Amino acid sequence: MSALAASLSKSEMEDFGVKCKMKDELLFIQDIKNFGKGVVKLNVGGRMFMTSVYTLSRDQNSMLAALVSGRHPVPQQPDGSYFIDRDGTHFRYVLNYLRGDRGTDSLPETWTDQHQLLKEAKYYRLDGLVKVINIKMGK
């Protein structure tokens, strides 16, 4: 038990626990608010994905951030989606990376899938994802 915990009464410990829980809840709600600002529909090679401007903007140097930045006019499809002419097979890994899943455990297991994802990460200019994939591949 830490010195802080030992010095607190049971009531103070409960208050501290409630405050921590409330802080976690507030952070969660803030994330939901950020995600809700501008829902984006993407058609990646015929596969539909829904995400947020917030998620796509998390890596400011990426092509996906440029897509939603407003710096360039990008036409939308009649259904409101943005069409990206890439194979959508591994795009979920791209989105999961942008959503904060930065570990190697969440990447595909086979070398072929990792290599294909590496190509996609380079195309989208996601340098951090490229590094994570290279670690997974033992490079």
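**Ground rules.** I am working from a predicted model, where local features need pLDDT of at least 70, side-chain atom pairs count only at pLDDT 80 or more, and totals for chains, interfaces and linings use all residues. Residues are numbered from 1 along each chain as its sequence is written, and side-chain values use heavy atoms, with hydrogens and water left out.

**Terms.** I used a 1 Å grid over the protein atoms alone: a cavity is a set of points where a 1.4 Å probe fits but cannot get out, and a pocket is an open set with protein on both sides within 12 Å along at least five of seven lines. Lining residues have an atom within 4 Å of a point. Points are joined across faces, edges and corners, and a volume is the space filled by probe spheres set on them. Helices (H or I, at least four residues) and strands (E, at least two) are DSSP runs, numbered from the N terminus.

**Cavity.** I searched the whole structure and found one cavity of 30 Å³ or more. The largest cavity holds about 40 Å³. Its lining includes Tyr93, Asn96, Tyr97, Asp101 and Arg102. I noted α5 (91-98) and α7 (127-136) as the elements giving two or more residues to this lining. α5 gives the most, with three residues.

I read about 210 Å³ for the largest pocket. Among its lining residues are Met63, Leu64, His72, Phe83, Asp85 and Tyr124. α4 (63-69) and β3 (82-84) each give two or more residues to the lining. α4 has the largest share, four residues.
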